[in-house]
Amino acid sequence: MAQAKINAKMNDAGKGGKFSRTISMADRSLRLLESLDQIEMRVEALREAATAMEQEKDCLLEMIQSIQNSQEIRNICDGEREELNLTANRLMSRTLTVQVSVDTIRNPQQEDALREATAIIDEVVARVLEHVEGARSRLQALHAACVTDAPHAPLDQTFQNVVISCALEDQKKIKRRLETLIRNMGNAERTIRIMDHQKVDEPNNASANGK
């Protein structure tokens, strides 16, 4: 009888020890999960900050180019215009030294859609100087396909289907690229070359996207 009580106590102790270890492991797992959740928030904040830097770079380049092509700079003397252009070129060169890149993870279908969307825009850009008004209308139709609240204007249904198949981040970049191109349609070839640097980067291979 005494032995039975001892065995019962040992069994209870064993169960208690196992139960305590289970709670301890659960607590440890919960703490690690909370840490990963906090890290995830910081990762997303980092990506958002880098994206904001990308957009700021584009904005600065556009502002510099706008000054160089403004009517005001044409109305000053040659000496002052040359000095201003030298300053603007210096600022543009320094801005272009800033390299910010936020890679987008894509599946094969999204990669194909991005390549197709990029090729469509590139084709229009290549013909800008040949037919400015035609290119402007084409870009506006492509842009209308990227927004949900587009005004009553023609939109490219085929392009819309392609963009919808792209990753969400690529959709935003494609829309911004079109907006920049439309704003700068009245500028010279040099403006188009510089301002169109924000083309959505395509991956070299699928493995690069999976990292």
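## Helix H5

Helices are DSSP runs of H or I with at least four residues, numbered from the N terminus.

H5 itself covers residues 132-144, which is 13 residues. From its first C-alpha to its last it reaches 18 Å, close to the 18 Å expected at 1.5 Å a residue; the expected span is 1.5 Å times one less than the number of residues.

## Basis of the values

This is a predicted model, in which local features need pLDDT of at least 70 and side-chain atom pairs count only at pLDDT 80 or more, while totals for chains, interfaces and linings use all residues. Residues are numbered from 1 along each chain as its sequence is written, and side-chain values use heavy atoms, with hydrogens and water left out.

A salt bridge is counted when a side-chain nitrogen of Lys or Arg lies within 4 Å of a carboxyl oxygen of Asp or Glu. The count by this rule is ten salt bridges. Side chains of opposite charge can pair when their charged atoms come close.

One of the salt bridges links Arg 81 to Asp 78, with the closest N and O atoms 2.6 Å apart. Both residues belong to helix H3 (residues 78-96), where they are three residues apart and so separated by about one helical turn. Arg 81 is partly exposed at a relative accessible area of 23%, whereas Asp 78 is exposed at 56%.

Arg 115 has a salt bridge with Glu 111, the closest N and O atoms being 3.7 Å apart. These two are four residues apart in helix H4, separated by about one helical turn. Arg 115 is partly exposed, with a relative accessible area of 32%; Glu 111 counts as buried at 7% relative accessibility.

Arg 115 also forms a salt bridge with Asp 112, at 3.6 Å between the closest N and O atoms. Here the two residues are three apart in helix H4, again about one helical turn. Through shared partners, these salt bridges join Glu 111, Asp 112 and Arg 115 into one network. An α-helix has 3.6 residues a turn, so residues three or four places apart point the same way.

Key. Buried means under 20% relative accessible area, exposed over 50%, partly exposed in between (1.4 Å probe, protein chains only).
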